[in-house]
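This briefing covers contacts made by aromatic rings. It takes ring pairs and then charges placed over rings.

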Amino acid sequence: MLREAIYHRPKNNWAFAYDAAHIYLRIRTKRGDLTSVTAIYGDKYAWEKTVERSEMRVFASDELFDYWETVVKPPFRRLRYAFELTDTEGNVAYMTEQSFQTEEPQDSLSFFDYPYINPIDLFQPPAWAKDAVFYQIFPERFASGDPSLTPAKAEPWGEEPTPSNFFGGDLQGVIDHLDYLNDLGINAIYFTPVFEAPSNHKYDTTNYLKVDPSFGTNEKLKELVEACHARGIRVLLDAVFNHAGGTFPPFLDLLQNGADSQYANWFHVREWPVSVSEEGIPSYETFAFVASMPKLNTENPEVKRHLLDVAKYWIEEIGIDGWRLDVANEVDHAFWREFRQVVKTANPEAYILGEIWHDSLMWLQGDQFDAVMNYPFTNAVLDFCSYGKLDAKQFADSIGNQLAAYPLQVTETAFNLLDSHDTPRLLTICDEDERRMRLAALFQLTFPGVPCIYYGDEVGLTGGGDPGCRKCMEWDEEKQNRDLFSFYQTVISMRKEHAALRGTNFSFLSAESGSRLLAYERQEGAERFAIVLNAADEAASFTLPAIGEGARWTDALSEGAQLKPNGTISLEAYSYAVLRA
């Protein structure tokens, strides 16, 4: 038993309350080192009368470790616990907060302690997000519905995008195509910024309380939100609170009045007068080194009040269902804690999504965000399905590590994307090999969390990194890939119909080193699915697990796959099968 590999500590992702009655306990051990782990638990004030044992299971593994889990119900919301560990040679050890012991401790004072489940501390993201399928829209490029709003300098729809050109997309264009989105099956939209700004991307805000005139009006946005709600579609707006734009009135005042500006402390000025060096480094903090995106001082009470009023306004007056937070990891935690209180007071069911590209546990404690944009998931799926950098075991190890990194609530509402306005498009990433794209999308849409489709992916839009990924939506059905649309439509419908494809009961059936065949199982109650992906350039086969006397697997959805009577599935290169028990 390699004790150095064994790890646990209370709270965070290792011991967390899922609701007011249940606590999940987790422990990490060396992969393959132990045959069993048992949690010994009870109430600290009535230990002898309440002590119980719960067998733990390996719910995830990565390259180095197994992660064990059990869920227990403390009799009085308090929990004291230790772990009984048995290795492959039959050796037994007991892990407490203080030490490892060879005999079961009789005194629970040395055990781990989860003091109390306080309801106010529970991390409970909005329930609706667990069932959401998001669609990301870049408003300037989705659809033009009101030609009178189109900027005079706009180019014809569908021309080559550049960092600075315009095409005239607007809010009316979105309204005009809501039936299309309903037909696709999505039930939530994430809009990149819609507030007044000089750029086509709108991440350089001029006025946080006004819809950009080229998109429409505040009233038009409210009409859009109400039309979405009538169709069962939630709406998420993009909040750019890390920085403002170069035309933001307080920043213009600072440029004019320097250190004497009443807004001097709204920003982070290192040196007066403000300037930009020959190397392009502003004398004030910015997003990256973009001079036209000055960083806001969110510790300033006036800045904080302004931004929190903005957050509340669009929820209360326009009716949006939450916020996506741009560059969220560069804003102070204290601001986000207050932000959450304001937003959840305005709408307890609002979904708060942070843009963070790395490990995000610090923001997912229940006091800041409900979810983050899950780029570690993105990278793993693309490296397996699209780039071919990972074999099945390496991919499973990466997914296992991610599942163990967060509490269950985080996994349930993690924002799982494959591309966005900040990355090349999925089909381009796949070298325009639609087979690889379908493998990635199928995994995304049958994995726990909240999938998000970038506008146009479903009809075969291509494009490299910015600005290529921000091209105009193709509305000519003759130029759309309707077979790909039907694929997305079918898988989305399956996900919505079957709780097993949305839930968190996930396990790998096959993920071998050197192989590019992956099989995993999804189960919820009586529902049971097996999904098999062949990401290799040659055919492969897999024998499905037995499912009981008289029962058999049936083909629910497949492409390039054949299920034989003996339970073996044969798959062509870059093909898939969804089997239902």
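How many aromatic pairs does the structure hold? In this predicted model, the structure holds 49 aromatic pairs.

**Phe134 and Phe415**

- The ring centres of Phe134 and Phe415 are 5.3 Å apart and the planes meet at 65 degrees, so this pair is edge-to-face. The cut-off for that class is an angle over 60 degrees.
- Phe134 belongs to strand E11 (residues 134-137) and Phe415 to strand E19 (residues 415-417), so the pair ties together parts that are 281 residues apart in sequence.
- Phe134 and Phe415 are both buried.

**Phe241 and Phe339**

- Phe241 and Phe339 also form an edge-to-face aromatic pair, with 6.1 Å from centre to centre and 75 degrees between the planes.
- Distant parts of the chain are linked by this pair, at 98 residues apart. Phe241 is in the loop between strand E15 (234-239) and helix H6 (249-257), while Phe339 is in helix H8 (residues 333-346).
- The relative accessible area of Phe241 is 0%, so Phe241 is buried.
- Phe339 has a relative accessible area of 0%, so Phe339 is buried as well. The cut-off for buried is under 20%.

**Charges over rings**

- Lys11 places its charged end over the ring of Tyr114, at 4.9 Å from the ring's centre.
- Over the face of Phe65 lies Arg28, 4.0 Å from the ring centre.

Note on methods: Residues numbered from 1 in each chain as written. Predicted model: local features only at pLDDT ≥ 70, side-chain atom pairs only at ≥ 80, totals over all residues. Heavy atoms only, no water. Phe/Tyr/Trp six-rings, centres within 6.5 Å; stacked < 30°, edge-to-face > 60°. Helix = DSSP H or I, 4+ residues; strand = E, 2+ residues; numbered from the N terminus. Buried < 20%, exposed > 50% of the residue type's maximum accessible area, 1.4 Å probe, protein only. Lys NZ or Arg CZ within 6 Å of the ring centre and 35° of its normal.
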